[in-house]
Amino acid sequence: MSRFLNPAKIGLLALIELYTNKTVPTSAILDVLSFITSHLIDNDISSSALSSSDRWRRAERTVSLVISISDFEKVLTPHTAASGIPGRNLWYVFVQKLWKIDSLHALHDFFDNCSTLLAKTKEELRRDAEMGIPSPAPDIIQLSRNSPFGAFVRRSQLEFTRLRFHDAIELWKGFVKYRQTTAAYYRKKTPAFQRLSFDDVLLTGEREWGPAVEALASVAYGDMLRDDPNATMPVSTDDIEKLLEFQIDQMQKYGNRIPLEIRHQFHDLVMDSYMVPSLSHYLSYLEAWRAGDYATSFDYLHRYFDYTMQNRDRSFYQYALMNLAVLQADFGCHKEAIAAMLETVSTARENRDLTCLNFALNWLFHFGRAHPEVTKELESKSQLGTGKESLAFLRSRAKETGTWSLWSSALMSEAKMCLSNGESVATALEHLVRSSQILVERNMKGMVGSQLSINIALWDRLGVTYLSATTCEVFLQCHARHSIFDDELKVTSRQASMLALKGKYDEALEKLERLDADSLRAWKPSQYWHKFRGIIKLRRDLHHNNLDGAELLLSQLLQSKADDLEPDIAFVIDTLHVDCLVRRGNIEVAFTKVEKMVAELRDENKDIALRVRLLLLKAELLDKCGRPQKAFTIVVRAANIAWRARLIPYLWPAIGAIANILSSLGEFEPAIELLHAVLPRSLECENSAMTARLYSHLGDANVGLAGRMPPKSNKRREYLMKGVDAIEKAFNHYSSVEDINKQCEMMAKKATIMKVAQDYVLANDYASVYLDLRKAAAQLKI
């Protein structure tokens with residue numbers, strides 16, 4: 001096998017020669033040059049702007065060109081030739097050019113004549129002038145020696161001269177086989193074409209050797225001319241290495257697995273190659289890792305670095321440790337991952353590898369934030385330091401070394417930490433703007449997803465859901481194609497979550513279904529996707545009061561260990577579990593679970609928003625028990641924290657809970673004032689269940705105030721109607737999320753109010769609607 005040359009590259013050289021000879025018509029120049037360039041230049045500038053399936057087409061094109069000449073036919077057939085026989089298309093001229101290379105000697109001449117395609121150097125022009133050779137005419141197309149085409153021609157010549165005789169013979173045989181598929185076409189167009197035209201030596205010697213020429217052809221070419229199914233493909237080491245690098249780059253940049261078709265084609269090429277590069281073991285490691293096969297990925301990682309260490313010294317050892325740590329962490333072996341990454345830090349420091357050292361420190365910081373229980377001992381020994389100290393150190397190191405990605409990542413982490421700790425929103429925004437400036441100035445499109453994810457969380461915390469949804473849409477429309485698939489998956493899941501909060505469950509599930517199926521073949525994204533779909537279905541079943549179906553989904557979701565789940569998903573599943581217990585009437589078990597969750601969050605120092613959410617959940621449970629006043633200190637504390645941290649989606653429920661407590665104490669007017677103040681702002685959060693609860697509290701307060709008015713007075717009726725109006729709005733919001741129990745509760749309240757108001761007709765109507773809702777709920781369970 002040749003190191004660089006293969007039959008496809010001979011075809012490219014022939015096509016370049018046709019272009020320089022002005023055989024290519026003006027109308028076909030763009031298509032021909034684009035085709036040649038796409039196979040010569042590695043970096044495809046537009047590749048990041050393509051979808052996942054389109055990006056892999058480049059690998060498909062490379063494989064297709066190596067194994068078949070049909071790609072040339074697709075490009076050249078539509079165009080007529082600028083010169084030659086009238087009526088012949090460019091494909092015929094190209095095939096004719098290939099069939100003129102009719103012997104190994106002709107192949108040598110072909111490569112020797114490639115020099116005429118290149119522009120002469122100053123030294124060659126001076127020598128030609130001394131010898132009286134005229135300079136080339138100005139209208140002749142000659143390739144600059146440093147242009148992509150010129151560099152390709154020069155390297156092809158050089159590689160051909162380096163070939164041993166045996167490799168040159170193999171290249172010639174591969175070229176004959178590659179070209180053979182055009183024999184039927186060329187025979188129709190060329191009457192002089194004969195059976196042995198593929199080799200001029202055999203054709204010329206047929207007269208002299210007679211029938212013996214068949215035996216000679218069989219010895220020279222073997223079973224190649226009889227379409228031997230076991231014959232190998234004419235692939236070069238350069239093709240294998242380029243395909244390997246491309247696939248590894250795609251997997252690392254976008255987090256996807258290799259499409260099955262390309263993987264099978266590439267496997268065939270590797271099997272046919274004379275030498276398998278060690279990089280193929282790294283590709284197999286990435287593929288097994290993405291597939292969730294721990295044992296295989298561990299084996300291939302060791303195999304790759306075992307091969308690498310044979311040829312290189314210890315200077316690459318830290319990268320083996322770094323890959324091992326990331327692998328261990330992904331499969332839940334956290335202590336082993338920490339040990340491997342700490343050894344990476346030591347080795348990188350020893351080898352003065354600042355890039356690896358900075359990455360390892362950044363990874364340790366983020367791992368410590370995600371799994372504080374694992375790194376607690378390390379922090380106590382001051383090996384990692386506190387979060388702020390680590391970030392400040394990373395930011396200064398990144399600025400010194402010009403590691404822009406680390407600098408931007410550190411700023412984003414600081415913004416995230418500010419939000420998580422409930423610190424100044426202005427400071428968080430400042431960090432985000434500085435990070436954004438670095439991303440824009442350095443054109444780091446791959447990190448835009450992480451930056452916009454924090455922006456989405458920020459707008460969500462500030463209660464401006466519209467801006468949060470708009471940012472999601474901007475990312476998916478403009479930046480998803482440049483980012484890793486995990487970012488696209490999480491932003492799409494966030495969109496689906498927003499839709500589910502509005503009761504649009506089918507639309508939310510449809511958004512998740514529209515994600516690229518090939519990208520979802522990776523193990524972790526697939527797990528996240530399935531669990532998020534389960535959460536949306538669980539929320540819908542709870543609202544439909546289908547508790548049997550909800551408990552079945554919960555049993556599946558709770559089977560996953562906490563280590564296997566993202567922290568945000570684990571918390572959502574726990575809160576939905578509490579909701580299910582409450583709907584079953586197991587208030588005591590639900591309260592125990594909430595207390596346990598509060599203790600865990602306090603120990604791990606997690607996001608302050610989660611703690612506020614648990615305080616509100618605790619207050620709701622006390623209200624369910626008929627003891628809302630006991631939750632007064634809890635909701636005041638929750639409201640205080642939410643206000644200081646600007647957690648607006650939790651501030652309004654906290655104010656609503658305070659208003660409910662005031663109503664239970666008989667302080668209806670202050671409760672109404674509080675609810676009138678927060679209801680308009682709560683609509684901005686676009687959380688139908690939260691708004692419905694506030695309207696329900698407002699209805700209760702108005703009915704309570706009506707109870708203080710004289711019987712049959714206008715004021716009493718006015719407040720009762722206000723109560724009915726508020727409960728009607730609560731009913732509408734609960735209807736949008738399809739919460740059957742709450743709809744029945746609101747309808748029962750309306751019927752009771754109408755009975756008190758002595759409007760028995762409406763009371764009976766509301767009672768009949770209540771019964772219809774109960775029947776609908778029973779059907780939904782089925």
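Residues are numbered from 1 along each chain as its sequence is written, and side-chain values use heavy atoms, with hydrogens and water left out. Because the model is predicted, local features need pLDDT of at least 70 and side-chain atom pairs count only at pLDDT 80 or more, while totals for chains, interfaces and linings use all residues.

A salt bridge is a side-chain nitrogen of Lys or Arg within 4 Å of a carboxyl oxygen of Asp or Glu, and a search of the whole structure finds 34 of them. Several can be followed within single helices (DSSP runs of H or I, at least four residues, numbered from the N terminus).

In helix H8 (residues 148-162), Glu 159 and Arg 155 are four residues apart, which means a separation of about one helical turn. Their side chains meet in a salt bridge, at 3.5 Å from N to O. Glu 159 is buried, with a relative accessible area of 6%, whereas Arg 155 is partly exposed at 35%. Here buried means under 20% relative accessible area, exposed over 50%, and partly exposed in between, for a 1.4 Å probe and protein chains only.

Helix H16 (residues 294-311) holds Arg 303 and Asp 299, four residues apart and so separated by about one helical turn. The side chains of this pair form a salt bridge of 3.0 Å, N to O. Arg 303 is partly exposed at 32% relative accessibility, and Asp 299 is partly exposed at 37%.

In helix H35 (residues 668-684), Arg 681 and Glu 684 lie three residues apart, about one turn of the helix. They too are joined by a salt bridge, at 3.5 Å from N to O. Arg 681 is partly exposed, with a relative accessible area of 36%, as is Glu 684 with 38%. Salt bridges can also form a network, as they do among Lys 9, Asp 238, Asp 239 and Lys 242.

The nonpolar residues come next. In soluble globular proteins, nonpolar side chains tend to be buried together. A nonpolar core is a set of buried Ala, Val, Leu, Ile, Met, Phe, Trp, Tyr and Cys residues joined through side-chain atoms within 4.5 Å. The largest such core has 68 residues, of which Met 341 and Trp 363 touch the most other members. Helix H22 (residues 404-420) gives the most to this core, with nine residues. Apart from neighbours within four places in sequence, Trp 363 is in contact with Ala 325, Val 326, Ala 329, Ala 337 and Met 341, where contact means heavy atoms within 4.5 Å. A second, separate core of 61 residues includes Ala 638, Ala 654, Leu 675 and Ala 701.

Definitions and conventions:
Helices (H or I, at least four residues) and strands (E, at least two) are DSSP runs, numbered from the N terminus.
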